[in-house]
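Please examine the model shown below. The paragraphs after it begin with a single residue and its contacts, and then widen to the chain.

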Amino acid sequence: MLDTRLSYREHLEYVNKKASETTGSLCRILLNIRGPKQVRRKLLATVVETQLLYAAPGWAEATAVSSYRQVPLCELVQEAKEIRAALAGDQANHRAKTRMQSVDNWQAAWDNSSKRRWTHQLIPSIEPWVKRKHAQVDFYLTQALSGHGCFRSFLKRFGHDTEDGCPECGSGIVEDAQHILFECRRFGYDRQILPLMLLNEANWKATAAYAASVLRTLRRPDNERRGAPA
Ligand SMILES: [Zn+2]
C-alpha cells in the first residue's frame with residue numbers, strides 16, 4: 001500500500017493485521033495433536049511469511065523507523081532483502097563464471113580445429129570477439145572473415161571458375177582470402193587495420209569498408225568471366 005509520503009506506515013499496519021488474521025486461522029486448523037505433520041505445518045506457515053514479506057525490498061527502509069514497528073519485521077525484512085541481493089549476486093557470478101568457462105572451451109576447440117584456419121588467423125582470440133559491443137558483421141565482412149566469397153580458389157572449389165591463381169601476382173599464387181586481403185598487389189591499402197579490427201569501432205568500420213571495397217572489386221572480374229552483369 002502506498003501513502004502520499006511513501007512512508008509505508010499504512011502498509012506496515014495493513015500487513016500486520018492481515019498476517020495476524022492468517023496466523024489465527026492457521027492456528028485453528030494446525031492442531032497440536034493429530035494435526036498436520038511438521039513438513040505441512042512449515043509449508044502452511046510460509047503463507048504468513050509470504051504475506052509479511054511481499055515486495056519487502058521496496059519498503060524495507062520503513063522498518064528502520066521505530067514508531068512504525070507494529071511487528072518485529074525489521075530483521076526479517078532486512079534478511080529477505082539481503083538474501084535476495086545475495087541470490088542476485090550469486091546468479092550474476094554464476095552466469096559470468098559459466099560464460100567464462102564456455103569461452104575457454106570454445107577457445108580450446110577453436111585453437112585445435114583443423115577447419116576455419118583462415119578465420120582463426122583473423123580472430124585468434126574468442127573473448128574480445130564475443131565481448132565486442134560495436135561490431136556488426138555485414139555481407140562483405142562475412143565473406144572476408146569466412147573466406148567464402150569471390151576468391152578464385154573458393155569459386156573453383158564449387159565449379160564457378162576454372163582457375164584459382166591470382167591474375168595479378170603471377171602463376172602459382174593462389175587467389176584466396178589470405179592472399180587477397182594481406183598480400184595481393186591489387187589491394188595494398190588499409191590492410192594493416194585487419195589485425196586491429198576488434199580494438200575499437202573506428203577500426204571495425206575501416207575493416208568493413210576495406211573488405212567491401214576488395215570484394216566489390218573482385219566481383220567485377222568474376223562476373224565478367226562468367227558473363228554475368230557487373
Ligand atoms: Zn594477387
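Leaving aside neighbours within four places in sequence, L215 is in contact with Y140, Q143, A144, G149 and C150; two residues are in contact if their C-beta atoms, placed from the backbone, lie within 7 Å. This is a predicted model, in which local features need pLDDT of at least 70, side-chain atom pairs count only at pLDDT 80 or more, and totals for chains, interfaces and linings use all residues. Residues are numbered from 1 along each chain as its sequence is written.

Helix 7 spans residues 139–146, and its buried residues include Y140, Q143 and A144. Helices here are DSSP runs of H or I with at least four residues, and strands are E runs of at least two, numbered from the N terminus. A residue is buried if 20 or more other C-beta atoms lie within 10 Å of its own, exposed if 12 or fewer, and partly exposed in between, with C-beta atoms placed from the backbone. Just after helix 7, G147 has a positive phi of about 80°.

The largest nonpolar core has 19 residues, and A144, A211, V214 and L215 touch the most other members. Helix 7, helix 9 (177–183) and helix 10 (201–226) each contribute at least two residues to this core, and helix 10 gives the largest share, seven residues. Such a core is a set of buried Ala, Val, Leu, Ile, Met, Phe, Trp, Tyr and Cys residues joined through C-beta atoms within 7 Å.

T23 lies in helix 1 (residues 9–29). T23 counts as partly exposed because it has 14 C-beta neighbours inside 10 Å.

Overall, the protein chain has ten helices and zero strands, and 17% of its 230 residues count as buried.
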